[in-house]
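My notebook is open, and I'm looking things up one at a time. Here is the structure I'm working from.

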Amino acid sequence: MSTSGMRDYLDGPYKAARDVVRDRLAAHGELADLAVRLPRDEYRDKVLELLLESAADGLPARGYPKEYGGEGDLGGFIAGFETLAFGDLSLMVKAGVQFGLFAGAILHLGTEKHHERYLADAVSGRLLGCFAMTETGHGSNVQALGTTATYDETTGEFVVHTPTNEARKDYIGNAARHGRMAAVFAQLVVGGESHGVHCLLVPIRAEDGTPLPGVRLSDCGPKLGLNGVDNGRIVFDQVRVPRDALLDRYAQVDADGNYTSAIENPDRRFFTMLGTLVQGRVSVGGAAINASKVALTIAIRYGDQRRQFGAPGKAEETVLLDYRMHQRRLLPLLARTYALHFAQAELVEEFARVFNDDRDEHDRRALEAQAAGTKALGTWHATETIQMCREACGGAGYLAENRLATLKADTDVFTTFEGDNTVLLQLVAKGLLTDYRESFGKLDPLGTARFIAAQAVEIAVEKAALRPVIERLRDVVPNRSDAADPDAGLRDDAYHSGLLRFREEHMLSGVARRLKAGIDAGDEPFDVFNRCQDHVIAAGRAHVDRVVLEAFQAAVRDAPEEIKQRLRDLYDLHALATIEAERAWYLEHGRLSAGRSKAITALVNELCAAVRPAAVELVDAFGVPGSAVEVPMVVPSQHE
């Protein structure tokens, strides 16, 4: 297998964008240990310095319109951003706040006057900003934010105010030290009537760094990780901003205080506005997958060198990666990382298509669900993978100089920001149940339950057609009758897809039937949904598992011949390890016999042994710059 050939295939159409970032990271060898070496304030200022260098290199401009100094390359922008995760993750997150969230809010929620006035400065880093959405009392429930922006028609201004401590803006990147303006999400009140959450640009600091009148800023303090990001809290005390501070792409307020919007339904308007900001969720999932690549590169190189114990009578000890259990710990995670890489690549392509072609609402909703699911699985995978890599490196992995500790701390919050993963899988499942019919509904359990009860349960039950589904899959998915030949077809793509599709559709139908039964019995919608919530989340995850599997299948089919077999082995390992992890469910539902379950475990072992000789080349193909993985416990790879 050619390492360069595999790397080119993984990099895909955005290789140039990835290589620009790799070169920048390689030129800054100190990035790997900034979090350990520098005091917090120095660390934050160093991250800002590197952020401005990346802006000067044109990295953020790649994703913005050409008339504002950009290149209009959304896919390349996200690919470059993901690659930042090979270096210091505080730099990656701060770049996401500045160039993805703050500048993205101006681009997607503002109109030409905002673009002309602010966008070039935001993309260049001349105007440092915050994305002030999250509040102390309202994390994922954005529609319930407490901050208000009340229009004063006598002065033509909005008055931005924090009415309670729960409405304080919390965990806001760039707020504690560097940000001068915030994109503030607040309940818009015009003429005494609330029109829901909208976004306004609110200055928070003077050029000398002092807070502006009415703005109270404080530091969130030390965190588990990402201490190079200056997360802070913001409280507004009757802060006045001009009428044109409202980012008014989807709703306008004229000088006389008349509110208008082309989207009459307030829920649709809210989710349309939020949907334009899906880029952050896409980017975080990709960054988490890349952080997993860093950890695996370190751990697999270490396992290929470190020796421990050995056969009796032999002087030389055995290399760790030659032990079956060490292979079992790391190689299925390597296979899943490849699978998630290809699923993320499909998501980035879809994101670029939807936003470049200004697709309709249905396509945008589908993209949001795909982004939510990929982000959830990608970030959970990073948490699991980095922990396992740390354990696989023993005490050496616990030393800060070997980077796994920092990776573990810095990525831990990825499962929470840009949407809590549990809430995101609820979003995925709700989309499957309702097929995004007339309205999008609310994300809170009460809104979801009422929406499903009112519009979608009967349709979901009828369209799922559980019995025909089982009949249709019976020929593809063996059950107890497979005992005669438990090994048959275990490496068949149709078998893998059939099992995962059966699980997804069975779970989805089960959720719909439970919801319908509860509603028909006259139970409160909230209680019905709450009783089913674990099933809802499981159905969402089953769907994303299947999407990831089929993305890997497509990648193998399209691969050049020189790397196809290596990818095929990795794909089979991923597919069978995924099925093995849920074998209890398949046994309970009659989709596996005991013999076939044992055969799958045996084949996973065989595939680990097949992948092992190429394991170092497979992680080298990720293209992680040397300074990021050439930690003291690892000798530089011979494959680079």
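Predicted model: local features only at pLDDT ≥ 70, side-chain atom pairs only at ≥ 80, totals over all residues.

H19 has 21 residues and reaches 30 Å from first C-alpha to last, close to the 30 Å expected at 1.5 Å a residue. That expected span is 1.5 Å times one less than the number of residues. I also checked how covered H19 is: 16 of its 21 residues are buried (buried is under 20% relative accessible area, exposed is over 50%, partly exposed is in between, with a 1.4 Å probe and protein chains only).

Residues are numbered from 1 along each chain as its sequence is written, and side-chain values use heavy atoms, leaving out hydrogens and water.

Next I looked up arginine 596, which sits in helix H21 (residues 594–611). Is arginine 596 buried or exposed? It is buried, at 1% relative accessible area. Its side chain makes a polar contact with the side chain of tyrosine 495, at 3.4 Å (a pair of N or O atoms within 3.5 Å; within protein, one must be able to donate a hydrogen and the other to accept it, and residues adjacent in sequence count only if both atoms are side-chain atoms).

Then I turned to a helix pair. The axes of H6 (residues 89–109) and H7 (residues 112–124) come within 9 Å and cross at roughly 170°, so the two are roughly antiparallel. Axes are lines fitted to C-alpha atoms, for helices over the stretch in contact, and angles run from 0 to 180 degrees between N-to-C directions. Under 35 degrees counts as roughly parallel, over 145 as roughly antiparallel, 65 to 115 as roughly perpendicular, and the rest as oblique. Among the contact residues are Phe99 and Phe102 of H6 and Tyr118 and Leu119 of H7 (contact means heavy atoms within 4.5 Å).

Glutamine 238 has a phi near 55°, positive in a residue other than glycine. It lies in the loop between strands S8 (232–236) and S9 (239–242) and is partly exposed at 45%. Glutamate 418 also isn't a glycine, yet its phi is about 60°. Glutamate 418 is in the loop between helices H13 (404–411) and H14 (421–434), and at 21% relative accessibility it counts as partly exposed.

Note on methods: Helix = DSSP H or I, 4+ residues; strand = E, 2+ residues; numbered from the N terminus.
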